[in-house]
Structures are given as C-alpha cells and as structure tokens.
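User: I would like to learn how to read the features of a protein model, one at a time. Please give the general idea, then the case at hand.

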Amino acid sequence: MGELADLVVLPLAQGFVRRALGAGLALGTASALLGVFVVQRGLGLVADGLAHATFGGLALGLLLGATSDRAIWIALPFTVAVALSIQQLRRRTTLGGDVATGVFFAVSFAAGVLFLGLRAPHAAPVNVEALLFGSLLAVSPEALAVTTLVSALVAALLLGVGPRLAYATFDPELARLSGVRVLALESLLLATTALVVVVGVKTVGVVLVSAFVVIPAATAQLLGRTLGTIVVLAVAASLLSTILGLFGSYHLNVAPGATIILTLGALFFLALALRRR
Amino acid sequence: MSLALAARDVVVELGGKRILDGVSFEVGRGEFAALCGPNGGGKTTFLRAALGLVPLAQGRIEVLGSRPGSARAGVGYLPQAKAFSASFPARAVDVIVAARRGSWPFRVSAAERERTHASLARVGGERLIDSELRGLSGGELQRVFLARALIADPALLLLDEPTAGLDERGRAEFLELLESIAVRSDLAAVLVTHNAAAVRRLADRALYLDGSVRAWGAPEEVLDREWDRVGAFSGRDHETPADARCEDA
C-alpha cells in the first residue's frame with residue numbers, strides 16, 4: 001500500500017502532475033480516435049508534416065507578439081490552412097500525398113525559423129527545446145482547458161461522422177455512390193488532425209506528436225479484426241501509455257513525452273509479437 | 001415499355017479528350033443489355049457517367065427516370081476494379097450492410113445480418129458472410145460485391161466486366177450466376193464485357209461502343225457485324241482476337 005502511494009498518490013498530490021495527466025489523457029483519446037482513420041488512409045506522414053507546420057504557426061504567433069501560451073491561437077488556423085493546402089495540392093496535381101506533405105513540412109518549418117529570427121531583439125526569449133520536445137509537466141491551466149476542449153470536440157465529431165468517414169476510408173468511390181460526401185469528410189479529417197497536432201505540440205512537442213497519432217492506431221491494427229475493436233484498442237493503448245509513461249517520467253525524472261512514446265513503442269512491438277498470423 | 005436507363009446524345013470529355021461522342025440508347029425495365037467494344041471505347045466511362053461519377057459535357061442520361069446519382073437505392077453496381085483499401089478490416093457482412101446504410105457498420109444488427117445472408121445466398125456465397133475481404137479469391141470477391149449490388153433489391157444493375165480476372169471455371173460459374181439472376185428477377189442490367197459468351201447467354205440486346213454507338217440490336221447481329229471488323233469480342237476477357245476465335249469456337 002505504501003509503495004502504491006509512493007508510485008501514484010504522491011505524484012497526483014501535485015497540481016502540475018494532475019494537469020499533465022488530464023492533458024495527456026484528453027490528447028491521447030482524441031489522437032488515438034483520429035489515428036485509426038489517419039493510419040488506415042496512409043496519412044501517417046501528414047501528422048508529422050502538420051507537427052512541423054505547427055512550429056511555423058507558433059513562431060508566427062510569437063512574431064505577432066503573442067505569449068507562448070497564446071501563440072496557439074495563431075498556430076491553430078495556420079496549421080488547419082496548411083492541412084487543407086496539402087489536400088488541395090494532392091487533388092489538383094499529380095503529386096503524391098508524401099510529396100505535398102514534404103513541401104509544406106519544409107516550407108512551414110523554415111518559415112518558423114524565419115519568424116523567430118525576425119522577432120524584436122528585446123522580445124522574450126523562446127524555449128525552442130520546449131517547442132520541439134514538449135513540456136507536458138509544464139501545462140498551464142489555460143493550456144489544459146484548450147487541450148481538453150479541442151480533444152472533446154474532435155472526439156465528439158469523430159463519433160458523429162465516424163461511420164461515414166470509415167466507409168469513405170474503405171472505398172471512397174463506393175461511399176460516394178452511397179451518398180457520402182467523401183471530399184468534405186477528407187477535409188474534416190485533415191482539419192481535425194491539424195487541431196489535435198497543434199495542441200499535441202504544446203504537450204509532447206513537434207518531434208513526438210505524430211507518434212501519439214500513429215502508434216496507438218498501428219498497434220491496434222495489428223490486433224483488431226473489426227474497425228470497432230481497432231478503435232477501442234487504439235484508445236486503450238494510448239491511455240495506458242500516457243498513464244505509465246507519465247508516472248514513469250516522474251519517478252525517473254526525465255521528459256514525459258519520451259517515456260509516453262517509448263511505452264507506446266513497447267506496446268506496438270508487443271502487439272507485433274502477439275498479432276494473429 | 002418504361003425505361004430503366006436512357007442516354008441521349010451523351011458527350012463525355014476527360015482530360016481534354018472526347019471519350020463518348022453522341023451516345024444514345026435505351027434499356028427497358030427487365031431488359032439485359034450488353035455493352036461491348038474495344039478497350040478505350042468508353043464502356044466503363046459510360047457506366048461511371050450513369051452513376052454520376054463522371055460529368056457529362058453534353059446530352060442527358062436518365063437512370064430510372066432521374067438524373068445520374070439520384071436514384072441510388074434503385075441501382076446496384078458491380079465495379080470492375082476493386083479499389084477498396086486492402087489494409088481496412090472489412091468483412092463481407094460489413095461491406096454489404098454499408099451499401100444499404102450509407103455508412104460503415106461498427107455493429108451489425110440481427111435483421112441486417114439476416115438480410116445480408118439472404119443476399120449472399122442469392123449468389124451462392126452465404127458461407128462468406130464473416131470472411132475478411134483480403135482473404136477472398138477473385139471469384140469469391142465478385143460474389144460478395146454482387147450480393148452488395150443486390151442488397152437493396154435494385155431495379156437496375158450495372159456490371160463492369162464481372163468476369164475479368166477470373167479463371168475459366170470461375171467465369172463459367174459467374175455467368176451461370178448472372179443468368180439465374182437475370183431469369184429469376186425483372187431487374188434491368190447493363191453488362192460491360194469483352195466476353196462473347198456472356199453476350200450470347202445473357203443479353204437481350206447488345207451495343208457496340210467505340211466512342212460512339214457503332215451497333216445496337218440483337219446480340220447475334222451485333223456480334224456477327226463487329227466480330228471480323230475489330231475482333232473485340234472473345235470467349236475470354238482481354239485476350240487476342242486469334243485466341244478468342246479458338247476459345248469461342
């Protein structure tokens with residue numbers, strides 16, 4: 001009992017750990033739900049590209065004078081715009097999705113570096129390491145509220161359009177013939193991916209956020225036989241990894257983003273070993 | 001005779017190229033029409049235009065009295081190329097129920113399962129109900145997609161080269177299956193095919209399409225008229241005319 005208190009209760013007695021856990025669980029649920037569709041559509045690289053676009057958006061916010069927390073309100077529309085631009089480039093040209101993503105990935109990130117360099121000399125210094133690797137344990141009450149709100153909205157949206165989005169993911173043409181608005185749903189998927197990635201960057205960072213979207217869904221896909229099972233397994237893997245990774249990071253005194261992703265990775269390789277033949 | 005499908009002066013252009021040029025013909029309710037012609041002749045494009053997937057540059061298509069894409073419930077479609085995601089966890093029952101619901105079934109009700117079973121039984125595929133699509137053979141996949149096309153009791157069936165890619169036995173079985181469906185029900189069908197045997201066995205009328213309508217009438221007449229000129233018909237899908245002559249003989 002005493003050991004349990006040391007492992008769980010003591011960390012939870014601290015406000016910053018409770019906020020980190022809340023943000024991690026909210027983000028984990030939304031990104032796992034979203035990840036099922038992203039992975040099925042082969043858009044895993046898009047999540048990574050949007051994370052780098054978020055860097056550009058946050059840097060633009062800082063250039064415009066926003067604080068580190070408020071810059072997210074610039075990054076949100078910026079990243080959604082990048083997501084929809086990637087979709088347009090894929091639709092209107094013969095370029096593949098990976099090429100379209102690669103172009104916006106590089107341009108947005110470079111723009112971010114430029115924006116940071118253009119800031120006034122007396123502007124407050126920016127913790128680029130926190131942007132790249134996240135700061136889950138430093139989540140402010142405001143950032144927690146934004147993360148929870150965005151995650152709840154995305155989860156509700158996906159629960160509402162999930163069956164139609166799944167049909168469009170299985171076969172866009174057959175879905176279209178059944179009256180499903182395939183293009184609108186694809187735009188919605190990319191826009192919501194952008195939203196989740198932006199709030200994810202604030203918690204687990206640019207470098208690791210796409211893993212939050214991709215790994216739970218990939219793990220679940222190895223084990224699940226139906227889409228419903230895959231959704232449940234993806235959310236379970238994400239929540240379990242968040243909890244284990246967060247408490248692990250607390251006790252090891254290392255960055256939680258890394259321990260959460262490593263736990264996700266361990267579950268993925270376990271699923272790989274257990275997958276049905 | 002009321003019409004299942006009517007095309008009037010249909011022109012379709014894709015990528016700046018005219019694919020269909022002034023195509024006009026009609027298919028009555030309960031009639032089985034075969035759409036034949038060389039590769040690139042516009043057969044599949046016509047089906048896609050009738051489904052509302054391809055815009056018309058000129059002309060008009062009426063499907064069950066409505067514009068293309070409007071009479072979804074009344075039209076069953078068996079695509080030639082199965083473009084579904086191979087990694088998607090899809091069972092036959094899911095695919096068939098999705099066609100009826102218009103959304104993917106995370107849970108299938110007992111009534112939906114029963115109806116799916118009946119539709120699969122109609123095509124001799126009831127044992128496939130819980131099979132994953134990625135594990136099915138070409139013939140089994142065709143049966144599942146035919147059951148999918150039939151699930152809503154359509155008045156018009158659009159079949160795009162249903163025997164392409166099947167071996168000889170699979171082709172014979174599938175033609176027998178289509179024949180039984182055509183005989184037993186009063187549904188109209190448009191069958192895109194390169195298979196002369198299919199045209200002879202199934203079609204009430206045949207249309208030879210090579211950008212525009214070259215021939216339209218009784219299957220034997222169309223086959224005899226176009227056979228030597230182009231050699232587009234064959235007993236086997238996508239084979240050389242020389243092989244086809246042997247096969248068809």
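Analyst: Note at the start that this is a predicted model.

User: How is a pair of packed helices described?

Analyst: Two packed helices are described by the angle between their axes and the distance between the axes. Take helix 3 (residues 44-63) of chain A and helix 10 (residues 209-223) of chain A: their axes come within 8 Å and cross at roughly 165°.

User: What does that angle say about the directions of helix 3 and helix 10 of chain A, and what is the handedness of the crossing?

Analyst: Angles over 145 degrees count as roughly antiparallel, and helix 3 and helix 10 of chain A are therefore roughly antiparallel to each other. The crossing of these two helices is right-handed. On the side of helix 3 of chain A, the contact is made by A:G44, A:A47, A:D48 and A:A51. Helix 10 of chain A contributes A:V209, A:S210, A:V213 and A:V214. Sorted by class, this contact has five nonpolar, two polar and one charged residues.

User: Which residues make the contact between helix 2 and helix 9 of chain A?

Analyst: Start with the geometry. Helix 2 of chain A packs with helix 9 (residues 182-204) of chain A at an angle of about 145°, and the axes are 10 Å apart. The crossing of helix 2 and helix 9 of chain A is left-handed. From helix 2 of chain A come A:A23, A:G24, A:L27, A:A30, A:S31, A:L34, A:F37 and A:V38. From helix 9 of chain A come A:L189, A:T192, A:T193, A:V196, A:V199, A:G200 and A:T203. The classes here are nine nonpolar, six polar and no charged.

User: Now a single residue. Is A:L84 buried, exposed or partly exposed?

Analyst: Burial is read by counting neighbours. A residue needs 20 or more other C-beta atoms within 10 Å to be buried, and 12 or fewer make it exposed. A:L84 counts as partly exposed because it has 15 C-beta neighbours inside 10 Å. This residue lies in helix 4 (residues 72-92) of chain A.

User: Which residues does A:L84 touch, apart from those up to four places away in sequence?

Analyst: A:L84 touches A:S187, A:L190 and A:A191. Sequence distance and spatial distance are separate matters: A:L84 and A:L190 are 106 residues apart in sequence, while their C-alpha atoms are 6.7 Å apart in space.

User: How many helices and strands does chain B have?

Analyst: Chain B has eight helices and nine strands. Of its 249 residues, 47% count as buried. Among the contacts in chain B with a separation of 6 or more, 64% are between residues 24 or more positions apart.

User: Is helix 2 of chain B mostly covered or mostly uncovered?

Analyst: Helix 2 (residues 92-101) of chain B is mostly covered, with eight of its ten residues buried. Those buried are B:A92, B:V93, B:D94, B:V95, B:I96, B:V97, B:A98 and B:A99. They pack against helix 7 of chain A, and also against helix 3 (110-122) and helix 4 (138-150) of chain B. After helix 2 of chain B comes B:G102, with a positive phi near 85°.

User: How do helix 2 and helix 4 of chain B cross?

Analyst: Their axes come within 8 Å and cross at roughly 25°. That makes helix 2 of chain B roughly parallel to helix 4 of chain B. The contact is made by B:A92, B:V95, B:I96 and B:A99 of helix 2 of chain B with B:V144, B:A147 and B:R148 of helix 4 of chain B. By class there are six nonpolar, no polar and one charged residues in it.

User: What about nonpolar residues taken together?

Analyst: In soluble globular proteins, nonpolar side chains tend to be buried together. Here the largest nonpolar core has 172 residues, and those touching the most other members are A:A234, B:A34, B:L35, B:L156, B:L158, B:A189 and B:L191. Helix 2 (residues 15-40) of chain A gives the largest share of this core, 14 residues. Leaving aside neighbours within four places in sequence, B:L158 is in contact with B:L47, B:A50, B:L51, B:V75, B:Y77 and B:V190.

User: How many residues of chain A are in contact with chain B?

Analyst: Chain A has 19 residues in contact with 18 residues of chain B. On the chain A side, helix 7 (141-170), helix 8 (172-177) and helix 11 (227-252) each supply at least two residues. Helix 7 of chain A provides the largest share, six residues.

Notes. Residues numbered from 1 in each chain as written. Chains lettered and ligands numbered in written order. Predicted model: local features only at pLDDT ≥ 70, side-chain atom pairs only at ≥ 80, totals over all residues. Axes fitted to C-alpha atoms, helices over the stretch in contact; angles between N-to-C directions. Helix = DSSP H or I, 4+ residues; strand = E, 2+ residues; numbered from the N terminus. Parallel < 35°, antiparallel > 145°, perpendicular 65-115°, else oblique. Left-handed = near helix turned anticlockwise from the far one by under 90°. Contact = placed C-beta atoms within 7 Å. Nonpolar A, V, L, I, M, F, W, Y, C, P; charged D, E, K, R; others polar. Core = buried A, V, L, I, M, F, W, Y, C linked by C-beta atoms within 7 Å.
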